[in-house]
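The following note is meant for a colleague who is opening this structure for the first time. Please keep the sequence and the model in view while reading the numbered points.

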Amino acid sequence: MVAQTIPVDPFDLVILGGTGDLARRKILPGLFRRMCAGQLPPEARIIGASRSGLSTDEFREFVRKAIGEFVKDSRCESEGVERFLSLLEYEQLDIFADDGWKRLKKHLRKDVISAFYFSVGPGLFGEIARKLTKHKLTNDNSRIVVEKPFGRDLSSAEALNKELTSCFEEHQIYRIDHYLGKETVQNLMAIRFGNALFEPLWNAQHVDHVQITVAEDLGVDGRGAYYNKSGAMRDMVQNHLMQLLCLTAMEPPAKYGADAVRDEKLKIIRALEPVPPSDYVRGQYSGEGAGDSYLDHAQDPDSRTESYIAMRVNIANWRWAGTPFYLRTGKRLRARMSEIAVVFKDPPHSIFEGDFNRKGNALIIRLQPDEGITLRVTIKDPGPGGMRLTEVPLDMTFSEALGDQFAFLPDAYERLIMDVIRGNQTLFMRGDEVEAAWRWVDPIIKGWQESGKQPLPYDPSSSGPDDALMLLHRDGRRWREIKS
Ligand code: NAP
């Protein structure tokens with residue numbers, strides 16, 4: 001059965017950068033799917049804005065093509081597309097010039113929620129906030145949605161927070177980390193705090209270690225110039241892996257509310273210990289001669305930017321002291337796979353004779369592909385021949401367990417945009433959280449910049465540099481296999 005969706009209140013959503021890649025691939029198709037799900041009220045209005053000189057009709061054609069390309073949803077019929085296109089408007093606007101803002105103001109209604117999605121390069125975020133305020137386009141009921149990256153270090157993140165908060169209240173600022181909009185990530189909280197089963201075991205006494213993996217099979221390809229200024233630490237660890245770590249490690253919040261959850265995440269970030277060079281491995285993919293090296297795309301033949309990082313992270317608090325969290329992320333790896341694996345300690349004493357290839361109990365939360373949750377348990381190896389043990393997965397793959405309901409689940413962007421309209425900030429990062437994450441990341445980056453060391457090469461379609469295996473081997477552990 002497909003869950004009932006409740007329409008949100010009428011709104012004006014302005015997409016600044018409405019003709020860009022993110023708008024085309026995620027935001028506009030996502031809004032269309034929400035309409036198909038019955039969540040957009042007929043009074044919703046979506047206004048695209050960018051420098052391109054399009055008419056509203058031309059913008060609608062642009063969106064029609066985007067829907068054709070990116071939406072596969074049996075609930076959406078062709079008349080639905082026309083209905084969606086009728087909600088769209090377009091305004092030509094250069095963020096730096098005043099005239100476009102004056103024209104944009106005429107599109108906005110006073111009596112509905114207004115939201116402004118900053119889907120442009122991060123260098124424009126501050127200017128947009130200033131222009132919105134200068135031209136009085138917003139009111140107390142307005143929200144702004146800010147894309148990643150939120151700064152490239154602590155000082156730039158602080159400066160951006162200052163620019164935004166000089167124009168808006170914190171409760172109006174929605175900093176997107178789309179990982180937080182993923183169904184499984186929210187399920188992590190449901191599993192931890194909605195069951196009596198796991199929480200008593202969720203600590204250093206029972207958990208041996210945690211592995212968080214975000215592996216991508218694609219390389220940087222067309223995004224080389226952008227990525228080269230960023231690298232895996234800034235692009236993935238500071239935000240996405242950090243959020244996964246926080247949700248796995250945080251204390252139970254008093255309630256499921258924006259500040260209660262974000263307060264707990266912040267405590268985790270503040271409890272992270274500095275990471276010495278011996279506890280991380282940086283890599284760069286290098287398919288020498290095959291035309292598939294990071295350096296072929298980086299537009300910098302001497303680039304020291306990492307396309308892979310693995311690290312051992314310690315959380316200095318009562319719950320987690322002595323239980324390491326191993327993080328790894330990289331591009332051009334063997335498969336696209338994201339998961340959190342909570343690996344439990346072995347029973348204190350075995351009553352069974354003989355040994356088997358024990359990996360131990362583990363709870364694996366898969367973000368992609370095949371979103372779902374697996375609990376690895378020990379059972380008797382079936383059949384005759386005495387009491388032999390083996391390990392099997394208790395598997396809940398959402399697409400199998402939830403059927404149709406899963407097929408129609410909103411994707412991360414859809415969910416987050418609806419949360420913006422509903423005024424729910426739980427799945428968005430607060431300013432102090434982002435700054436705390438940079439405060440932890442900055443010295444690590446500074447350390448390797450000062451060392452001048454080149455990242456270690458690794459083969460495309462591999463699991464990363466061999467030294468990353470040693471990070472766990474030296475602790476008597478091993479990474480889970482990267483596979484799709
Ligand atoms: P993009 O394809 O380069 O699009 C940028 C948009 O901004 C275009 O619509 C562009 O249109 C408009 N724009 C640029 N300068 C402008 C100006 N001065 N005044 C008005 N409009 C202007 O970028 P994108 O990939 O969509 O990314 C947008 C944001 O989302 C970035 O912050 C990016 O980091 C973030 N993000 C993107 C993705 C993704 O998958 N693409 C994923 C995560 C985060 P005109 O040139 O016509 O003005």
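1. R332 is found in the loop between strands β11 (residues 325-330) and β12 (residues 337-344); helices (H or I, at least four residues) and strands (E, at least two) are DSSP runs, numbered from the N terminus. Although R332 is not a glycine, its phi is positive, at about 60 degrees.

2. On the basis of the note: this is a predicted model, in which local features need pLDDT of at least 70 and side-chain atom pairs count only at pLDDT 80 or more, while totals for chains, interfaces and linings use all residues. Residues are numbered from 1 along each chain as its sequence is written, and side-chain values use heavy atoms, with hydrogens and water left out.

3. S461 also has a positive phi without being a glycine, here about 65 degrees. The loop that holds S461 runs between β16 (456-458) and α16 (466-473). With a relative accessibility of 38%, S461 counts as partly exposed (buried means under 20% relative accessible area, exposed over 50%, partly exposed in between, with a 1.4 Å probe and protein chains only).

4. Two cis peptide bonds deserve attention. One joins K148 and P149, with omega about 0 degrees, and P149 lies in the loop between β5 (142-146) and α6 (154-165). The other leads from Q368 to P369, with omega near -10 degrees; P369 belongs to the loop between β13 and β14 (372-380).

5. Strand β13 (residues 362-368) includes I365, which is buried at 1% relative accessibility. In strand β15 (residues 389-397) lies T397, buried with a relative accessible area of 9%. The side chains of T397 and R366 are joined by a polar contact of 3.1 Å (a pair of N or O atoms within 3.5 Å; within protein, one must be able to donate a hydrogen and the other to accept it, and residues adjacent in sequence count only if both atoms are side-chain atoms).

6. Which residues come nearest to the ligand? Of the 22 residues around it, these are T19, R25, R51, S52 and V120 (a residue is near if one of its heavy atoms lies within 4 Å). Helix α1 (residues 21-36) gives the largest share of this shell, three residues. A polar side-chain atom of D21 lies 2.8 Å from a nitrogen atom of the ligand, and a polar backbone atom of K148 is 2.8 Å from a ligand oxygen atom.

7. The structure holds twelve aromatic pairs (rings of Phe, Tyr and Trp, the last by its six-membered ring, pair if their centres lie within 6.5 Å; planes under 30 degrees apart count as stacked, over 60 as edge-to-face and the rest as tilted). The rings of Y227 and Y294 have centres 6.1 Å apart and planes at 65 degrees, so this pair is edge-to-face. Y227 in helix α8 (residues 224-228) and Y294 in helix α11 (residues 294-297) are 67 residues apart, and the pair thus links distant parts of the chain. Both Y227 and Y294 are buried. Y285 and Y294 are likewise edge-to-face, because their centres are 6.0 Å apart and their planes stand at 85 degrees. One aromatic cluster is formed by Y227, Y285, Y294, Y308 and Y458.
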